[in-house]
Amino acid sequence: MKKNNLTLGEFIIENQKHYKSTSGEFSRLISSIKLAAKIVNYKVNKAGLVDILGDAGDTNIQGEDQQKLDVYANDVFMQTLINREIVCGIASEEEDDYVTIKGKHETNENKYVVLMDPLDGSSNIDVNVSVGTIFSIYKRVTPTGTPVDKIDFLQRGNQQVAAGYVVYGTSTMLVLTSGSGVNGFTLNPAIGSFYLSHPNMKFPENGTIYSINEGNYVHFPQGVKDYLKYCQEEKENRPYTSRYIGSLVSDFHRNMIKGGIYIYPTSTKNPKGKLRLLYECNPMAFLAEQANGKASDGYVRILDIKPTELHQRVPFFCGSKSMVKKLEEFMAKYPKDANY
Ligand SMILES: O=P(O)(O)OC[C@H]1O[C@](O)(COP(=O)(O)O)[C@@H](O)[C@@H]1O
Ligand SMILES: [Mg+2]
Ligand SMILES: [Mg+2]
């Protein structure tokens, strides 16, 4: 597949067969996400010059201090999707509950729901380090024309129609899958279009980078501690390299290109893990598997976990297949409660 000559819109039209949509509804949905990403990107790039840094002075349902850019990004993605009336509902890290979009005819005819983390890596905003947006798309399970229900959002990750992220980094990229591989599109800011720059992205089977917040070491499950000892011993192609950006999207993106594993286990501070299943782990797990990688909670495939709550957290181990498998071997040596 050639690169640099297809825009994201052209790519979707050319690959219509993969983007399970006849009415063009799906491509309009992606076009809305693309538009919102460009608006947020513009603000991210001016962060030091406009009043968009620091705390928003409020906390979200997770009990986290919302950063101004968290709130701004949430508003932009929400408003873009609502105004263009393409989805029937949205769930967001920054919204207490899901939001129903009835449309002008109050008919709930649209068939897609979107779940999102509008700004991932919030701790990086004020220090000029890359951040991202994560999104996950499902077809609703309730009949069109009927009210949207929580069950439309509590679907297993293996039911996703599409998933992707935007990384606002040295360049701004949108990385997308709809179940037929992963493709990366880079924004040309001079033109305002995303161009296919990373066709058919794949995790290297193995890698030598591990990404984890080792500040929480004392609270890690024994299986994770043993795996870190394995990574750091001088044997074979080890010690590995430790790289941790503090933004899931950025760590994931680097690991997908270079090979590596991202680990956010349980800890005393986060007994269920920190990352949210619905709008962080599931979309990133879908992308990982579509790129020949692997994603589990240490025992179970992330995409098979049955969600029970919108903001539920799970332990998250994701990246090069051999590295995730090796970590699972260490986890399996202990009874689950010793690890969780
Ligand atoms: O600071 P910690 O505890 O290591 O957590 C960092 C992780 O938390 C996150 O920032 C959570 O995402 P949000 O910023 O969207 O809340 C991840 O992007 C990142 O990998
Ligand atoms: Mg996040
Ligand atoms: Mg966030």
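Reader: How many helices and strands are there in the protein chain?

Author: The model is a predicted one, and its secondary structure is described here by runs of helix and strand. Counted in that way, the protein chain holds eight helices and 15 strands.

Reader: What percentage of the contacts with a separation of 6 or more comes from residues 24 or more positions apart?

Author: Of the 340 residues in the protein chain, 49% are buried. Among contacts with a separation of 6 or more, the share that joins residues 24 or more positions apart is 67%.

Reader: Which residues does the UniProt annotation "binding site" cover, and what is the largest C-alpha distance among them?

Author: The annotation, which comes from an unreviewed UniProt entry, covers D117, D120 and E280. These residues are spread over 164 residues of sequence and yet cluster in space, with a largest C-alpha distance of 8.6 Å.

Reader: Is D117 buried or exposed, and which residues does it touch?

Author: D117 is placed in strand β5, which runs over residues 112-120. Because 29 other C-beta atoms lie within 10 Å of D117, where 20 or more are needed, this residue is classed as buried. Not counting residues up to four places away in sequence, D117 touches E93, T133, I134, Y279 and E280.

Reader: Is E280 buried or exposed, and which residues is it in contact with?

Author: E280 belongs to helix α6, residues 277-290. It has 26 C-beta neighbours inside 10 Å, and therefore counts as buried. Once its neighbours within four places in sequence are left aside, the contacts of E280 are D117, D120, I134, L248 and L275.

Reader: Which residues surround ligand 1, and how many of them are nonpolar, polar and charged?

Author: The shell around ligand 1 is formed by E93, D117, D120, G121, S122, S123, N213, G246, S247, L248 and K274. Both domain 1 (8-198) and domain 2 (209-339) supply at least three residues to this shell. By class, the shell divides into one nonpolar, six polar and four charged residues.

Reader: How many residues of domain 1 are in contact with domain 2, and which strand gives the largest share of that side?

Author: The domain assignment gives domain 1 (8-198) and domain 2 (209-339), and their C-alpha centres lie 24 Å apart. Across the boundary, 36 residues of domain 1 are in contact with 28 residues of domain 2. On the domain 1 side, β5, β6 (131-139), β7 (162-168) and β8 (172-177) each supply at least two residues. The largest share of that side, five residues, comes from β6.

Reader: Which peptide bond is cis, and what is its omega near?

Author: Most peptide bonds are trans. P239 sits in the loop between α4 (222-232) and β12 (241-242). The peptide bond from R238 to P239 is cis, with omega near 10°.

Reader: What phi values do N128 and E236 have, and are these residues buried or exposed?

Author: N128, in the loop between β5 and β6, has a positive phi near 60° although this residue is not glycine. E236, in the loop between α4 and β12, likewise has a positive phi, of about 45°, without being a glycine. Because N128 has 11 C-beta neighbours inside 10 Å and E236 has 5, N128 counts as exposed, and E236 counts as exposed.

Reader: Where does G293 lie, and how far apart in space are G293 and S320?

Author: G293 lies in strand β14, residues 293-296, and is buried because 31 other C-beta atoms lie within 10 Å. Leaving aside neighbours within four places in sequence, G293 is in contact with F203, M256, A288, C318, G319, S320 and K321. Although G293 and S320 are 27 residues apart in sequence, their C-alpha to C-alpha distance is 4.9 Å.

Methods: Residues are numbered from 1 along each chain as its sequence is written. Chains are lettered from A and ligands numbered from 1 in the order in which they are written. This is a predicted model: local features need pLDDT of at least 70, side-chain atom pairs count only at pLDDT 80 or more; totals for chains, interfaces and linings use all residues. Helices (H or I, at least four residues) and strands (E, at least two) are DSSP runs, numbered from the N terminus. A residue is buried if 20 or more other C-beta atoms lie within 10 Å of its own, exposed if 12 or fewer, and partly exposed in between; C-beta atoms are placed from the backbone. Two residues are in contact if their C-beta atoms, placed from the backbone, lie within 7 Å. UniProt positions are given in the numbering used here, feature names are shortened, and annotations may be inferred rather than shown by experiment. A residue is near a molecule or strand if its C-beta atom, placed from the backbone, lies within 6 Å of it. Ala, Val, Leu, Ile, Met, Phe, Trp, Tyr, Cys and Pro count as nonpolar, Asp, Glu, Lys and Arg as charged, and the others, Gly among them, as polar. Domain bounds come from an automatic or database domain assignment.
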